[in-house]
Amino acid sequence: MAQSVPPGDIGTQPGTKIVFNAPYDDKHTYHIKITNSGGRRIGWAIKTTNMKRLGVDPPCGVLDPKENVLMAVSCDAFKFGEEDTNNDRITIEWTNTPDGAAKTFRREWFQGDGMVRRKNLPIEYNP
């Protein structure tokens with residue numbers, strides 16, 4: 001039954017973008033807080049446009065209503081100005097978990113006919 005109800009909102013801090021500051025000759029880590037603002041348990045997963053440069057930990061999870069998680073986004077060293085960074089972003093996807101499901105993330109939740117919501121956070125690199 002949970003699949004027929006649209007997932008509630010999530011909150012992220014920061015809310016609109018992630019900024020990494022130079023120099024880029026060392027790995028940077030930025031923390032994002034994800035909060036389940038809705039009234040149902042959700043499963044969430046992160047996608048990134050650049051797997052070589054960007055990493056996320058943890059990459060997925062389950063949040064009860066009003067619960068939050070701190071996620072680390074890391075940017076590996078790279079040569080600024082020599083690589084295309086214009087389209088770098090992470091996308092948070094989330095969906096309601098099935099009624100009675102254990103609090104263990106399952107990729108299948110995103111492959112059924114339940115509604116999946118997305119939030120994009122563009123990544124900005126300050127030279």
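The end C-alpha atoms of residues 9-126 lie 30 Å apart, and this span is 0% helix and 49% strand; helices (H or I, at least four residues) and strands (E, at least two) are DSSP runs, numbered from the N terminus. The unreviewed UniProt entry lists residues 9-126 as "domain: MSP"; UniProt positions are given in the numbering used here, feature names are shortened, and annotations may be inferred rather than shown by experiment. The model is predicted: local features need pLDDT of at least 70, side-chain atom pairs count only at pLDDT 80 or more, and totals for chains, interfaces and linings use all residues. Residues are numbered from 1 along each chain as its sequence is written, and side-chain values use heavy atoms, with hydrogens and water left out.

An open sheet of four strands runs in the order 1-3-7-5 with antiparallel pairing, where two strands pair if DSSP finds at least two bridges between them. Strand 1 (10-13) and strand 5 (54-57) stand at the edges with a single partner strand each, so one side of each is left without a neighbour in the sheet. Strand 1 meets strand 3 (residues 28-36) in the antiparallel sense over four bridges, and Gln 13 stands opposite Lys 33 in strand 3.

Gln 13 also takes part in a cis peptide bond, to Pro 14, with omega near 5°. Pro 14 belongs to the loop between strand 1 and strand 2 (18-21). Another cis peptide bond joins Ala 22 and Pro 23, with omega about 5°, and Pro 23 is placed in the loop between strand 2 and strand 3.

In the loop between strand 6 (60-63) and strand 7 (68-75) lies Lys 66, which has a positive phi of about 70° although it is not a glycine. Lys 66 is exposed, with a relative accessible area of 58% (buried means under 20%, exposed over 50%, partly exposed in between, with a 1.4 Å probe and protein chains only).

The aromatic side chains form nine pairs, counted when ring centres of Phe, Tyr and Trp (its six-membered ring) lie within 6.5 Å; planes under 30 degrees apart are stacked, over 60 edge-to-face and the rest tilted. Tyr 24 and Tyr 125 make an edge-to-face pair, 5.7 Å centre to centre with 75° between the planes. Tyr 24 lies in the loop between strand 2 and strand 3 and Tyr 125 in strand 9 (residues 117-126), so the pair ties together parts that are 101 residues apart in sequence. Both tyrosines, Tyr 24 and Tyr 125, are buried.
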